[in-house]
Amino acid sequence: MEKLLLFFFVLVSPIFAVSITAQEDSVQNSAKLKLQLLIDSSETYYHSGNYKKSMEVNVKILNQAFELNDPALIHKGYRFLGYDFMALNDLKMAKDNFKKSERYAIESKNDTAIAITYMDLANLYSFDEGGFKKAMRYHKKSIKGFEKIHDSTSLAKAHYNTVLTAFEAKKYKSGLYHLLKADELKSKNNNPSFAVSYTHLT
């Protein structure tokens with residue numbers, strides 16, 4: 001369970017934080033502010049281990065995202081639900097939600113969302129018996145995605161998660177390369193959660 005919490009801990013980021021612009025009307029502003037409060041609440045419940053409550057909030061997030069017709073936010077709702085199901089050891093439902101998350105990430109045409117979705121699927125398959133090779137394929141796709149958009153912070157997280165998968169499978173030689181890359185990129189990552197999580201490896 002610690003491994004799962006670390007996966008989520010380093011993946012929750014402000015990449016999809018709701019942005020409010022002067023051009024949006026007051027109704028849209030109100031809906032997005034409400035959504036951000038729900039996201040904050042979901043993360044709090046998840047990190048405290050209250051996965052069922054987190055799931056309840058994430059269903060509300062998903063419903064709100066559909067009302068806003070925002071594929072990037074729908075992607076986020078499904079990925080949050082995916083991690084809830086993983087925490088509750090329901091890998092079938094986790095996979096179903098992550099695949100839907102992938103669908104809406106692609107629909108959003110947001111390269112960051114797509115790279116994140118590949119990282120989520122890699123994390124999922126790393127929990128499957130015999131899923132190591134598939135997990136590593138998705139990790140590589142995620143790494144390439146973050147390299148493409150020159151996102152060094154998320155790239156560091158992607159390498160870090162690859163290390164977790166490799167070390168969990170006792171594939172230390174495979175993990176060493178990504179550990180070195182994570183170490184190289186660590187100085188560029190200002191997220192305290194990454195620094196805390198990284199200490200579990202070093």
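What follows is a working chat about the helices, salt bridges, surface charge and backbone of one predicted model.

Colleague: Before we start, what should I keep in mind about the numbers?

Modeller: This is a predicted model, with local features needing pLDDT of at least 70 and side-chain atom pairs counting only at pLDDT 80 or more, while totals for chains, interfaces and linings use all residues. Residues are numbered from 1 along each chain as its sequence is written, and side-chain values use heavy atoms, with hydrogens and water left out.

Colleague: Fine. How many helices and strands are there in the protein?

Modeller: The protein has ten helices and zero strands, where helices (H or I, at least four residues) and strands (E, at least two) are DSSP runs numbered from the N terminus.

Colleague: And how much of it counts as buried?

Modeller: Of the 202 residues, 52% count as buried, with buried meaning under 20% relative accessible area, exposed over 50% and partly exposed in between, for a 1.4 Å probe and protein chains only. The accessible surface comes to about 10,200 Å², and 53% of that belongs to carbon and sulfur atoms; the areas come from the Shrake-Rupley method with a 1.4 Å probe, and for residues only the protein chains shown count as cover.

Colleague: What share of the contacts join residues at least 24 apart?

Modeller: Taking contacts between residues at least 6 apart in sequence, 60% join residues at least 24 apart, a contact being heavy atoms within 4.5 Å.

Colleague: Switching to charges, how many salt bridges does the count come to?

Modeller: The count comes to six salt bridges, each defined as a side-chain nitrogen of Lys or Arg within 4 Å of a carboxyl oxygen of Asp or Glu. One of them joins aspartate 120 and arginine 79, at 2.8 Å from N to O. Aspartate 120 lies in helix α6 (residues 111–126) and arginine 79 in helix α4 (residues 71–87), so this pair ties together parts that are 41 residues apart in sequence.

Colleague: Are those two buried or exposed?

Modeller: Aspartate 120 and arginine 79 are both buried.

Colleague: Which residue does glutamate 56 pair with?

Modeller: Glutamate 56 forms a salt bridge with lysine 53, with 3.4 Å between the closest N and O atoms, and the two sit three residues apart in helix α3 (residues 51–68), about one turn of the helix. Glutamate 56 counts as partly exposed because its relative accessibility is 46%, and lysine 53 is also given as partly exposed, at 32%.

Colleague: What about glutamate 184, where is its partner?

Modeller: Glutamate 184 bridges to lysine 181, the closest N and O atoms being 3.7 Å apart. Because they are three residues apart in helix α9 (residues 172–186), about one helical turn separates them; lysine 181 is partly exposed, with a relative accessible area of 23%.

Colleague: Which residues form the positive surface patch?

Modeller: The positive patch is formed by Lys95, Lys133, Lys134, Arg137 and Lys171. Patches are made of residues with over 30% relative accessible area and no salt bridge, with like charges joined within 9 Å and nonpolar side chains (Val, Leu, Ile, Met, Phe, Trp, Tyr) within 5 Å. Lys and Arg count as positive and Asp and Glu as negative, with His and the chain ends not counted, and a charge is placed at NZ of Lys, CZ of Arg, CG of Asp or CD of Glu.

Colleague: Which helix gives the most to it?

Modeller: Helix α7 (residues 132–148) gives the most, with three residues. Lysine 133 lies in that helix and counts as exposed, at 66% relative accessibility.

Colleague: Back inside, what does serine 101 touch?

Modeller: Not counting residues up to four places away in sequence, serine 101 touches His75, Tyr78, Arg79 and Thr117. Serine 101 lies in helix α5 (residues 91–108) and counts as buried, at 0% relative accessibility.

Colleague: And aspartate 84, buried or exposed?

Modeller: Aspartate 84, found in helix α4, is buried, with a relative accessible area of 0%. Leaving aside neighbours within four places in sequence, aspartate 84 is in contact with Tyr46, Tyr51, Ser54, Met55 and Asn58.

Colleague: Last topic, the backbone: what is phi at asparagine 89?

Modeller: Asparagine 89 has a positive phi of about 65 degrees although it is not a glycine; asparagine 89 is in the loop between α4 and α5 and is exposed, with a relative accessible area of 64%. Lysine 170 also has a positive phi, near 65 degrees, and is placed in the loop between α8 (152–168) and α9.
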